[in-house]
Amino acid sequence: MLKPLGDKIIVKPKPEEEKTAGGIYVPDTAKKKSTEGEVVAVGRGKYVDGKLVEPEVAVGDTVIYSKYGGTEVTVGDTDYVILDEDSILAVKA
């Protein structure tokens, strides 16, 4: 497993849709890159003016993140995205 440093967040992206609402299968080349996923690990935060500011998200949260934010990595057979906390746009309630 990966352990994020500082204000980094590790997210497991939501699987891409295999078919449309109308039942048409989508080829791999036409699938949209996911910008939603589940937080699987959280760093301890970052220092601002000498004080540690903890991340606003927690493990298990479902988040929406910037389309071009983060670094994609694969560990074993599982894909993850490593993001700065600033790349997370919202938490789904």
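**Entry 1: lysine 8**

I started with the contacts of lysine 8, taking contact as heavy atoms within 4.5 Å. Leaving out residues up to four places away in sequence, lysine 8 touches Val42, Gly43, Ile82, Leu83 and Asp84. This is a predicted model, in which local features need pLDDT of at least 70, side-chain atom pairs count only at pLDDT 80 or more, and totals for chains, interfaces and linings use all residues. For my own bookkeeping, residues are numbered from 1 along each chain as its sequence is written, and side-chain values use heavy atoms, with hydrogens and water left out.

I found lysine 8 in strand 1. Strands here are DSSP runs of E with at least two residues, helices are runs of H or I with at least four, and both are numbered from the N terminus.

Is lysine 8 buried, partly exposed or exposed? I use buried for under 20% relative accessible area, exposed for over 50% and partly exposed in between, with a 1.4 Å probe and protein chains only. Lysine 8 counts as partly exposed because its relative accessible area is 30%.

**Entry 2: salt bridges**

Next I looked for salt bridges, meaning a side-chain nitrogen of Lys or Arg within 4 Å of a carboxyl oxygen of Asp or Glu. How many are there by this rule? I count three salt bridges.

One of them belongs to lysine 8, whose partner is aspartate 84, with the closest N and O atoms 2.3 Å apart. That pair links distant parts of the chain, since lysine 8 sits in strand 1 and aspartate 84 in strand 7, 76 residues apart. Aspartate 84 is partly exposed, at 32% relative accessibility.

Another salt bridge joins the side chains of lysine 92 and glutamate 36, at 3.2 Å from N to O. Here too distant parts of the chain are linked: lysine 92 is in the segment after strand 8 (88-91) and glutamate 36 in strand 2, 56 residues apart. I noted that lysine 92 is partly exposed at 45% relative accessibility.

I also have aspartate 86 with lysine 46, a salt bridge of 3.9 Å from N to O. Aspartate 86 lies in the loop between strand 7 and strand 8 and lysine 46 in strand 3 (residues 46-48), so the pair ties together parts 40 residues apart in sequence. At 60% relative accessibility aspartate 86 is exposed, whereas lysine 46 is partly exposed at 32%.

**Entry 3: glutamate 36**

I went back to glutamate 36, which I place in strand 2 (residues 36-42). Why does glutamate 36 count as buried? Glutamate 36 counts as buried because its relative accessibility is 16%.

The side chain of glutamate 36 also makes a polar contact with that of lysine 92, at 3.2 Å. By polar contact I mean a pair of N or O atoms within 3.5 Å; within protein, one must be able to donate a hydrogen and the other to accept it, and residues adjacent in sequence count only if both atoms are side-chain atoms. With residues up to four places away set aside, glutamate 36 touches Pro13, Lys14, Thr62, Val63, Ile64, Tyr65 and Lys92.

**Entry 4: the sheet**

I traced the sheet next, counting two strands as paired if DSSP finds at least two bridges between them. Six strands form an open sheet in the order 6-7-1-2-5-8, with antiparallel pairing. Strand 6 (71-75) and strand 8 stand at the edges with a single partner strand each, so one side of each has no neighbour in the sheet.

Strand by strand, I listed these pairings:

- Strand 1 pairs with strand 2 over five bridges, antiparallel, and lysine 12 stands opposite glutamate 38 in strand 2.
- Strand 2 pairs with strand 5 over three bridges, antiparallel, and the bridge partner of glutamate 36 in strand 5 is isoleucine 64.
- Strand 5 is joined to strand 8 by three bridges, also antiparallel, and tyrosine 65 stands opposite isoleucine 88 in strand 8.

**Entry 5: the core**

Last, I looked up the largest nonpolar core, and which residues make it up? Such a core is a set of buried Ala, Val, Leu, Ile, Met, Phe, Trp, Tyr and Cys residues joined through side-chain atoms within 4.5 Å. The largest has nine residues: Ile9, Val11, Val39, Val57, Val63, Tyr65, Val81, Leu83 and Ile88. Strand 1 (8-13), strand 5 (62-65) and strand 7 (78-84) are the elements that give two or more residues to this core.

I finished on valine 63: apart from neighbours within four places in sequence, valine 63 is in contact with Val11, Thr35, Glu36, Gly37, Val39, Val57, Ile88, Ala90 and Val91.
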